[in-house]
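Welcome! Please take a moment to look over the sequence and the model shown here, and then we will walk through some of its parts together.

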Amino acid sequence: MKKLLTAMILFALPFLASAQIENPVKWKFAAKKINDNTYELHMTATIDGGWHLYAQEAGEGPVPTSFKFTKNPLVTANGKVTEVGKLHKNFDKNFNSELKYYENTVDFVQKVTVKGKAATKVKGSVEFMVCDDHQCLPPKDTEFTITVGGK
């Protein structure tokens, strides 16, 4: 009986291990008021050790980080999303390309202007891909909502 139980546990172990979903990136979304009608949207990624998140201009191969914003007539984007963090550039033999990525943390910042005084929401999603030295995870979409305006 013990041998049967041991064999069943050893057989089930790989399935249990693969059932765990790896999520090496944690996102935080916030707004910072700059003046009466201007805000910075901060989309901050905290990346687990050993993993890296690709930049918006990543290079040939991996899926770059990209943001999509839902149209809101009360909010106008000012320029493009900028990146604040330590950008790494390395040649990756798997993609046969020089790639740009971030480790540990990166803050993506989008300036917006809000029309009127009422509070409103900026909704959107971020698509991103992460890799470590041995594997890449499939691209993932994360939706977000950030409140701007009001008092």
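## A tour of the model

Ser 97 is buried, with a relative accessible area of 9%. Keep in mind as you read that this is a predicted model. Ser 97 belongs to strand E7, and its side chain reaches the backbone nitrogen of Glu 60 at 3.2 Å. Which residues does Ser 97 touch, not counting those up to four places away in sequence? They are Gly 59, Glu 60, Asn 90, Phe 91 and Asp 92.

Let us turn to the sheet. Strands of a sheet pair through backbone hydrogen bonds, either parallel or antiparallel. Here, four strands make an open sheet in the order E6-E7-E3-E10, with antiparallel pairing. Strand E6 (87-92) and strand E10 (130-131) are at the edges with a single partner strand each, so one side of each has no neighbour in the sheet. E6 pairs with strand E7 (residues 97-102) in the antiparallel sense, over six bridges. Phe 91 stands opposite Glu 98 in E7.

Next come the nonpolar cores. The largest one has 26 residues, and the members that touch the most others are Trp 27, Met 43, Leu 53, Phe 67 and Phe 108. Two or more residues come from each of strand E1 (25-33), strand E2 (38-47), strand E5 (75-84), strand E8 (105-114), strand E9 (120-128) and strand E11 (140-148). E2 gives the largest share of this core, five residues. Met 43 shows how many partners a residue can gather here: leaving aside neighbours within four places in sequence, its contacts include Trp 27, Phe 29, Phe 67, Phe 69, Val 81, Phe 108 and Ile 146. Apart from this core lies another, of six residues, among them Tyr 54, Leu 99, Met 129 and Cys 131.

How many disulfides does the structure hold? The structure holds one. Cys 131 and Cys 136 form it, with their sulfur atoms 1.9 Å apart. The link is right-handed, with 105° about the S-S bond.

Are the two cysteines buried or exposed, or in between?

| Residue | Relative accessible area | Class |
|---|---|---|
| Ser 97 | 9% | buried |
| Cys 131 | 1% | buried |
| Cys 136 | 36% | partly exposed |

Cys 131 counts as buried because its 1% is under the 20% cut-off. Cys 136, at 36%, falls in the range between 20% and 50%, so Cys 136 is partly exposed.

Definitions and conventions
Residues are numbered from 1 along each chain as its sequence is written. This is a predicted model: local features need pLDDT of at least 70, side-chain atom pairs count only at pLDDT 80 or more; totals for chains, interfaces and linings use all residues. Side-chain values use heavy atoms; hydrogens and water are left out. Two strands pair if DSSP finds at least two bridges between them. A nonpolar core is a set of buried Ala, Val, Leu, Ile, Met, Phe, Trp, Tyr and Cys residues joined through side-chain atoms within 4.5 Å. Buried means under 20% relative accessible area, exposed over 50%, partly exposed in between (1.4 Å probe, protein chains only). Contact means heavy atoms within 4.5 Å. A disulfide is a pair of cysteine sulfur atoms within 2.5 Å. A polar contact is a pair of N or O atoms within 3.5 Å; within protein, one must be able to donate a hydrogen and the other to accept it, and residues adjacent in sequence count only if both atoms are side-chain atoms.
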